[in-house]
Amino acid sequence: MENVPHAQQEEKCPNCGMRKPEWRGNNGQGFAMGGQTYCCQGCAIGTGCTCK
Ligand SMILES: [Zn+2]
Ligand SMILES: [Zn+2]
């Protein structure tokens with residue numbers, strides 16, 4: 001179900017799929033863990049997204 005746009009790769013949270021402009025964690029920069037960047041710490045450690 002990967003839908004990757006070919007023109008410009010949009011960074012999305014691998015857990016919840018939220019687009020980077022909507023990230024709340026770490027001042028919108030996201031939370032890096034395991035080589036991937038999540039929208040927030042909740043998604044990174046699996047406790048659930050706290051952005052909404
Ligand atoms: Zn997320
Ligand atoms: Zn989040």
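1. Two residues are taken to be in contact if their C-beta atoms, placed from the backbone, lie within 7 Å. The model is predicted: local features need pLDDT of at least 70, side-chain atom pairs count only at pLDDT 80 or more, and totals for chains, interfaces and linings use all residues. Residues are numbered from 1 along each chain as its sequence is written, and chains are lettered from A and ligands numbered from 1 in the order in which they are written.

2. Asn15 is in contact with Tyr38, Cys43 and Cys49, leaving aside its neighbours within four places in sequence. In the chain, Asn15 belongs to the segment before strand 1. Asn15 is partly exposed because 17 other C-beta atoms lie within 10 Å. The classes are as follows: a residue is buried if 20 or more other C-beta atoms lie within 10 Å of its own, exposed if 12 or fewer, and partly exposed in between, with C-beta atoms placed from the backbone.

3. Cys16 also sits in the segment before strand 1. Not counting residues up to four places away in sequence, Cys16 touches Cys39, Cys43 and Cys49. From Cys16 to Tyr38 the C-alpha distance is 8.5 Å, at a sequence separation of 22 residues. Cys16 has 16 other C-beta atoms within 10 Å and is therefore partly exposed.

4. On the overall layout, the protein chain has 1 helix and 2 strands, in the order β-β-α from the N terminus. Helices (H or I, at least four residues) and strands (E, at least two) are DSSP runs, numbered from the N terminus. Of the 52 residues of the chain, 23% count as buried. Among contacts with a separation of 6 or more, 25% join residues 24 or more positions apart.

5. The largest nonpolar core has 9 residues: Cys13, Met18, Trp23, Tyr38, Cys39, Cys40, Cys43, Ala44 and Cys49. A nonpolar core here is a set of buried Ala, Val, Leu, Ile, Met, Phe, Trp, Tyr and Cys residues joined through C-beta atoms within 7 Å.

6. Ala44, one of the residues of that core, is found in helix 1, which covers residues 41–45. Ala44 counts as buried because it has 22 C-beta neighbours inside 10 Å. Beyond four places in sequence, the contacts of Ala44 are Phe31, Met33 and Tyr38. The C-alpha atoms of Ala44 and Ala32 are separated by 7.3 Å, the two residues being 12 apart along the chain.

7. Two backbone angles deserve a look. Asn26 is not a glycine, yet has a positive phi of about 55 degrees; Asn27, likewise not a glycine, has a positive phi of about 60 degrees. Asn26 lies in the segment before strand 1 (31–33), and Asn27 is found in the segment before strand 1 too. Asn26 is partly exposed because 15 other C-beta atoms lie within 10 Å, whereas Asn27 is exposed because there are 7 such atoms within 10 Å.

8. Glu10 is another residue of the segment before strand 1. With 11 other C-beta atoms within 10 Å, Glu10 is exposed. Between the C-alpha atoms of Glu10 and Pro21, which are 11 residues apart along the chain, the separation is 9.7 Å.
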